[in-house]
Amino acid sequence: MSSLSDQDVAAYLAECPDFFQKHPELLAALNIPHPQHGSAVSLVERQTHVQRQRIHTLEHHISELKFHGSNNDQLVDKLVVWAQALLAEPNPAALPDIAVTHMKHIFDVPYAAIRLWEVAPAYQDQAWAQAVGDDIKRLAISMRAPFSGVNTGFDAAVWMHPQVSQIRSLALMPLRPLPIDVAEAEQAPFGLMVLGSHD
């Protein structure tokens, strides 16, 4: 018996839930301290305390799930409104500006800009088709996911505000063609969307 560990006893009791029914005399001998003030309490009271703690933890977890679920619902609704605005625009030349304007309005983003490169000659005079440096293109090509963080002097921040110091944080999103086939290799980006914030 001296070789038994706490884990061994716990495992045995878990396998034999009727142990205390067979040995009720042991219940009277159990000394279970209260987790807060240390005095001895009955097994039932201790079990009740443990169950209350578990219920409190579950309620907190459910509250978090409801909060995140509500936020996700709101995000989906905003994405639908944003997509509807893009789909309703008949003029291709207006789409980049529509995307940025509605992004700022619907998602409450202080700053936003977009640049596309290698556009058709008919669109080269558009503001969103202004020349972009090779460094930005290489950055977009190297990105496998959007970047979000502190603005450490990204050239793209100038697109949103001439005073770069106003942009404290930003998100960079490379724009790539949607693959026609799932097995199709990832294509090079044709543009970059950038979002910015004061904080």
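The legends below describe close-up views of a predicted model.

**View 1. An open sheet of 4 strands.** The strands of this sheet follow one another in the order β3-β6-β5-β4, and their pairing is antiparallel. Its edges are formed by β3, which covers residues 111-116, and by β4, which covers residues 147-150, each of them pairing on one side only. If direction is ignored, neighbouring strands of the sheet are turned against each other by 15° on average.

**View 2. The pairing of β5 with β6.** Strand β5, made of residues 169-175, and strand β6, made of residues 191-197, are joined in the antiparallel sense over 7 bridges. Within this pairing, L172 stands opposite V194, a residue of β6.

**View 3. The largest nonpolar core.** This core holds 17 residues, and those with the most contacts inside it are W159, M160, L170, L172, L192 and V194. Two or more residues come from each of β3, α6 (134-142), α7 (157-160), β5 and β6, and α7 gives the most, with 3 residues. When neighbours within four places in sequence are left aside, V194 is in contact with Y111, A112, A113, A156, W159, M160, L170, A171 and L172. Another core, of 16 residues, lies apart from this one, and among its members are W82, M103, W128 and L175.

**View 4. Helix α5 against the sheet.** Helix α5, which spans residues 95-106, lies across β3 and β6 and runs at about 160° to β3. The helix has 12 residues and reaches 16 Å from its first C-alpha to its last, which is close to the 16 Å expected at 1.5 Å a residue. Its buried residues include P96, I98, A99, V100, M103 and I106, and M103 is also one of the residues of the core of 16 residues. After α5 comes D108, whose phi is positive, near 55°.

**View 5. The 2 salt bridges of the structure**. Side chains of opposite charge can pair when their charged atoms come close. K22 counts as exposed because its relative accessibility is 59%, which is over 50%, whereas D18, with a relative accessible area of 29%, is partly exposed. D135 forms a salt bridge with R138, and here the closest N and O atoms are 2.5 Å apart. Both D135 and R138 belong to helix α6, where they lie 3 residues apart, about one turn of the helix. D135 is exposed, with a relative accessible area of 51%.

Note on methods:
Residues numbered from 1 in each chain as written. Predicted model: local features only at pLDDT ≥ 70, side-chain atom pairs only at ≥ 80, totals over all residues. Heavy atoms only, no water. Pairing = 2+ DSSP bridges. Axes fitted to C-alpha atoms, helices over the stretch in contact; angles between N-to-C directions. Contact = heavy atoms within 4.5 Å. Core = buried A, V, L, I, M, F, W, Y, C linked by side-chain atoms within 4.5 Å. Buried < 20%, exposed > 50% of the residue type's maximum accessible area, 1.4 Å probe, protein only. Expected span 1.5 Å × (residues − 1). Salt bridge = Lys/Arg side-chain N within 4 Å of Asp/Glu carboxyl O.
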